[in-house]
Protein chains: 2
Amino acid sequence: MNQSLKEKLRQYQQRVESAIDVYIPSAQTRPVKLHEAMRYSMEAGGKRIRPVLILAASELFPSDASPEAAAVAIECLHTYTLIHDDLPSIDDSDLRRGRASCHTQFDEATAVLAGDALLTFAFQLLTRAYRDRPELACDLVADLSEASGSERLIGGQMEDVDNEGKPIDAEMLTFIHENKTGALLTAALTMGLRFCGPSEQQIEQITEVGYHMGMTFQIVDDILDATSSAEVMGKPVGNDDAAEKSTYVALHGIEGAHAEAKQHTERAIHAAKALGGNNTFLIELIEELGSRIH
Amino acid sequence: MNQSLKEKLRQYQQRVESAIDVYIPSAQTRPVKLHEAMRYSMEAGGKRIRPVLILAASELFPSDASPEAAAVAIECLHTYTLIHDDLPSIDDSDLRRGRASCHTQFDEATAVLAGDALLTFAFQLLTRAYRDRPELACDLVADLSEASGSERLIGGQMEDVDNEGKPIDAEMLTFIHENKTGALLTAALTMGLRFCGPSEQQIEQITEVGYHMGMTFQIVDDILDATSSAEVMGKPVGNDDAAEKSTYVALHGIEGAHAEAKQHTERAIHAAKALGGNNTFLIELIEELGSRIH
């Protein structure tokens, strides 16, 4: 990443961190354990990609409302999915972002409830912050809830859990990625653009940006997974172990995955250019998401 | 319950059952297992008190939008809390309403995700149904999310889980009941009244109805629990076993609990009368909730 983009990204991430601190109830709020768990997971860091995308999309055209609360809401949504995914009955992960996962740090009941609370809080926050702009609030609630519902994000997670350890075909892999990862990334862009009072056509255009960006993001993740496990294992990439995981690399090989990522990056940039506006930062972000493998 | 109220209630419950069938995605929706679990839990029956309260409150004054979708949304919210409460890490209940609980019928991962999906669907449905009335949609999302958030419903559940098996004082018991049970019952009334374009004062009045109705509901539940367990155990009510549970009966004795329930019922009716409008059915419902013990 070049220094100028790195610095710009750092500033956006800082805006997100500050907004999280402002909007999430304090850890002293009753019940203390629940709010400690919510804050613990929200403050675990991460790249804050979804809230940064909201901020970037909100700046494509002029707007007259602050997108920070929406940025925090989508991070609450994302964080709840991580807390519930880590539960013993789902992925059973003790670690998240290098520290104890929520149910390990607290207990399983608290992790279930903290996840529920962050999911609910996303919608509390959207209506608290934008109630004087009811059409905007309504669009934001609709975008976020549809993207994270049973036919999108949770649906992708359900198929992922149900197919764990089984060989899956390209269609299933695409279903999982489009929904488990892609839907919320796309929602980040549409939610951001809502602040600019967009036309239906502009929403369609940014949805196309989101689709290709989401696919790039997931394919690159798969390539990084395959590459890093190869380094760790001392084996070449594309080995049998990798083939047992359901990834783009397993299905299409490392070269095929690279080619797919490149194509999706190009299409995302093409759609972002068609949309126009102040799209420099958005295009830089798309390039960065695609270039993590180079 | 007199026959006329019984028949009226049955008609309202039938409206709720039909609306659930219309609005909840079909069990054939992909992922099938997830949508089967959502429908399984939504179709488990129950008294449908919260959605019936929405319908009753929406009829207090003239309105020009149909409250059925909001009624289904609050039942989705309530049902998700039951699914998550039953999980092994929380109440560990294999049975719910006389049949297998969601995680027993399916599996634990599916139950976590089906609960998440119903919680999310409540907000999808509110914005799908009322997007052409954005102020109404926004108020409904705000009422529902605030009532079920970390400082109300989930907060009450957290304190309940954390105090299980411990002796608790009257203040804690009130906190748990006001939030775990009372908040959503009150939200049912405010959400219903939103369809009538209420004044702030009317919202305050119906909130008072909800508060006292919620307290009545919970105290009566505690009395019924104590009475039925006494029958099962062949011991008099108010025994030591009951005292180890944190209930109104344990804290105030059976006579004290009766007196409290009666007082809250009277106050709820008083507030409903002050509110005015077509309040006959609402008052009948309040009386019925209070009279289950007589």
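Colleague: How many residue pairs are in polar contact across the interface of chain A and chain B?
Modeller: The rule finds 16 residue pairs, with both partners at pLDDT 80 or more. Keep in mind that this is a predicted model.

Colleague: Which elements of chain A give two or more residues to the side that touches chain B?
Modeller: They are helix 2 (32–42), helix 4 (68–86), helix 6 (108–130), helix 7 (134–147), helix 8 (153–162) and helix 9 (170–194). Helix 6 of chain A gives the largest share, 13 residues. By class, that side of chain A divides into 23 nonpolar, 14 polar and 15 charged residues.

Colleague: What area do chain A and chain B bury between them?
Modeller: About 4,500 Å², with 64% of it on carbon and sulfur atoms. On the chain A side, A:R30, A:L113 and A:M158 supply 15% of the buried area, more than any other three residues. The contact takes 52 residues from chain A and 52 residues from chain B.

Colleague: What makes A:E146 and B:R128 a salt bridge?
Modeller: The cut-off is 4 Å between a side-chain nitrogen of Lys or Arg and a carboxyl oxygen of Asp or Glu. In A:E146 and B:R128 the closest N and O atoms are 2.7 Å apart. The pair therefore passes. Across the interface of chain A and chain B the rule finds ten salt bridges. Over all chains, a search of the whole structure finds 40.

Colleague: Which residues are linked with A:R131 in a network of salt bridges?
Modeller: B:D139, B:D143 and B:R194.

Colleague: Why is B:Q124 called buried?
Modeller: Buried means under 20% relative accessible area. B:Q124 has 3% relative accessibility, so it counts as buried. B:Q124 sits in helix 6 (residues 108–130) of chain B. Leaving out residues up to four places away in sequence, B:Q124 touches A:S145, A:E146, A:G149 and A:S150.

Colleague: Now the domains. How is chain A divided?
Modeller: Into domain 1 (1–158) and domain 2 (199–294). Their centres, taken over C-alpha atoms, are separated by 23 Å. The contact takes 13 residues from domain 1 of chain A and 15 residues from domain 2 of chain A.

Colleague: What area is buried between domain 1 and domain 2 of chain A?
Modeller: About 1,300 Å², and carbon and sulfur atoms give 75% of it. In domain 1 of chain A, A:L5, A:L60 and A:F61 lose the most area to domain 2, together 40% of what that side buries.

Colleague: How do you know that A:K8 and A:E284 meet in a salt bridge?
Modeller: Their N to O distance is 3.2 Å. The limit is 4 Å, so the pair qualifies. Across the interface of domain 1 and domain 2 of chain A the rule finds one salt bridge. The count of residue pairs in polar contact between these domains is three.

Colleague: Which helix gives the most to the side of domain 1 of chain A that touches domain 2?
Modeller: Helix 3 of chain A, with five residues. By class, that side of domain 1 has eleven nonpolar, no polar and two charged residues.

Colleague: Why is helix 3 of chain A called largely enclosed by the rest of the structure?
Modeller: Because ten of its ten residues are buried. Among them are A:R50, A:L53 and A:S58.

Colleague: What separates A:R10 and A:E7 in helix 1 of chain A?
Modeller: About one helical turn, because they are three residues apart. An α-helix has 3.6 residues a turn, so residues three or four places apart point the same way. A:R10 forms a salt bridge with A:E7, the closest N and O atoms being 3.4 Å apart.

Colleague: What does the pair A:R15 and A:E59 tie together?
Modeller: Parts that are 44 residues apart in sequence, because A:R15 lies in helix 1 of chain A and A:E59 in the loop between helix 3 and helix 4 of chain A. The closest N and O atoms of this salt bridge are 3.0 Å apart.

Colleague: Buried or partly exposed: which is B:K8, and which is B:E284?
Modeller: B:K8, at 25% relative accessibility, counts as partly exposed. B:E284, at 18%, counts as buried. Their side chains meet in a salt bridge of 3.2 Å, N to O. The pair links helix 1 (residues 3–23) and helix 13 (residues 280–291) of chain B, with B:K8 and B:E284 276 residues apart.

Notes:
Residues numbered from 1 in each chain as written. Chains lettered and ligands numbered in written order. Predicted model: local features only at pLDDT ≥ 70, side-chain atom pairs only at ≥ 80, totals over all residues. Heavy atoms only, no water. Domains from an automatic or database assignment. Contact = heavy atoms within 4.5 Å. Buried area = accessible area lost by both parts, 1.4 Å probe. Polar contact = N/O pair within 3.5 Å; in protein donor to acceptor, adjacent residues only side chain to side chain. Helix = DSSP H or I, 4+ residues; strand = E, 2+ residues; numbered from the N terminus. Nonpolar A, V, L, I, M, F, W, Y, C, P; charged D, E, K, R; others polar. Buried < 20%, exposed > 50% of the residue type's maximum accessible area, 1.4 Å probe, protein only.
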